[in-house]
Amino acid sequence: MKEMIFALFSIITLLTGAGVVISRNVIYSAFNLVLCFFGLASLYLLWGATFISMVQILIYAGAIVVLFVFVVMLLNFEHSSERSQNFWIILGSGIGSWVLSLFLLRVLSNTLGASPYQSAAPTNLRTVSKLLFTQYLWPFEVLTIFMLALIIGIYLLGRPESEGTQS
Amino acid sequence: MMEKLTSMVYWTHFVSVALFGLGLLGFLIRRNALVVLMCLELMLNAVNLILVEIAMKTGTSEGIILVVFVITVAAAEVAVGLGIILNLYRIKKTVDLTSFRILSG
């Protein structure tokens, strides 16, 4: 039963992921992206990673896609129909991605498929946060400095032109 | 139990790899800068799925921590990328990636 639900959400995720790539309209790509993120969140939930599932819905479907939709709203796409790419580029990219995917699937099946299951100590939020504040404290702090630099950078990118000394 | 878990593992591998391939394909063939950013998100999510699977299967927490870091960096990347796209649109009035040839002479 769980396996059937897993397969259903996998198919939903893949179909909406394909919809992101092949939609002609940007706003439809964004909507497909929301559905794809929800499908991935349910896959995480089925694996038992509840925290990551909630974070996925909050940050990806709640913040990132809203940013995308907001930018689509800011830019005016009414009469800018996207021309399709050169045929040879599409063919080469398709073959390249296909071969790389087959290679990755092979590698994953050979390395991870045969690894033993040690589900004795289930991963929960308590152990994750304990590790995050003891063993991985320095990467966490580096990440906060990174976020500060990010805020300053986005302010510099997005400030109005009349205010600064842009040439 | 073992059989069920194995099937879920194979589905996860298939979904993750196919999502990565789709993201790579869209990254290469689309010309709209916004869709290219969305395809980058697809690739990051494919990697996240594999990390969650490893963390849940082996009972270790390092995968979850790495996923948290990846999500943070992805949010940062989208914010900066959309800022750059807005500035490019201000200059050129388009987001078609092939029209930005300022550096190619």
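Guide: Chain A contains six helices and zero strands, where a helix is a DSSP run of H or I with at least four residues, a strand is a run of E with at least two, and both are numbered from the N terminus. Read along its sequence, chain A accordingly shows the pattern α-α-α-α-α-α. This is a predicted model, in which local features need a pLDDT of at least 70 and side-chain atom pairs count only at pLDDT 80 or more, whereas totals for chains, interfaces and linings use all residues. Residues are numbered from 1 along each chain as its sequence is written, while chains are lettered from A and ligands numbered from 1 in the order in which they are written.

Of the 167 residues in chain A, 22% are buried; a residue counts as buried if 20 or more other C-beta atoms lie within 10 Å of its own, as exposed if 12 or fewer do, and as partly exposed in between, the C-beta atoms being placed from the backbone. Among the contacts in chain A that link residues at least 6 apart in sequence, 51% join residues at least 24 apart, a contact being a pair of residues whose C-beta atoms, placed from the backbone, lie within 7 Å.

The pLDDT is the predictor's confidence in each residue, on a scale from 0 to 100; for chain B the mean is 86, and 93% of the residues reach 70 or more. For the complex, the predictor gives an ipTM of 0.89 and a pTM of 0.88.

Toward chain A, α2(B) packs against α2(A) at an angle of about 5°, with the axes 11 Å apart. The axes are lines fitted to C-alpha atoms, for helices over the stretch in contact, and the angles run from 0 to 180 degrees between N-to-C directions. The two helices are therefore roughly parallel, since angles under 35 degrees count as roughly parallel, those over 145 as roughly antiparallel, those from 65 to 115 as roughly perpendicular and the rest as oblique. From α2(B), the residues that make this contact include B:L34, B:M38 and B:V52, and from α2(A) they include A:S29, A:L33 and A:W47. By class, the contact has 12 nonpolar, two polar and two charged residues, where Ala, Val, Leu, Ile, Met, Phe, Trp, Tyr, Cys and Pro count as nonpolar, Asp, Glu, Lys and Arg as charged, and the others, Gly among them, as polar.

Within its own chain, α2(B) comes within 9 Å of α3(B), axis to axis, and the two cross at roughly 175°, which means that they are roughly antiparallel. Among the residues that meet here are B:L34, B:E41 and B:V52 of α2(B) and B:V67, B:V70 and B:I85 of α3(B). This contact has 16 nonpolar, three polar and two charged residues.

B:L34, B:M38 and B:V52 are also the residues that touch the most other members of the largest nonpolar core, which has 58 residues; a nonpolar core is a set of buried Ala, Val, Leu, Ile, Met, Phe, Trp, Tyr and Cys residues joined through C-beta atoms within 7 Å. Helices α1 (2-22), α2 (26-47) and α3 (50-74) of chain A, together with α1, α2 and α3 of chain B, each give two or more residues to this core, and α2(B) supplies the largest share, 15 residues. Leaving aside neighbours within four places in sequence, B:M38 is in contact with A:V20, A:S29, A:L33 and A:F68.

B:L25 is 14 residues from B:C39 in sequence and 8.3 Å from it in space, C-alpha to C-alpha. Residues up to four places away in sequence aside, B:L25 touches A:V21, A:S93, A:G94 and A:S97.

Over the whole contact between the chains, 60 residues come from chain B and 70 residues from chain A. On the side of chain B that touches chain A, the largest share, 20 residues, comes from α1(B), and the residues of that side divide into 41 nonpolar, 14 polar and five charged.

Definitions and conventions:
Contact = placed C-beta atoms within 7 Å.
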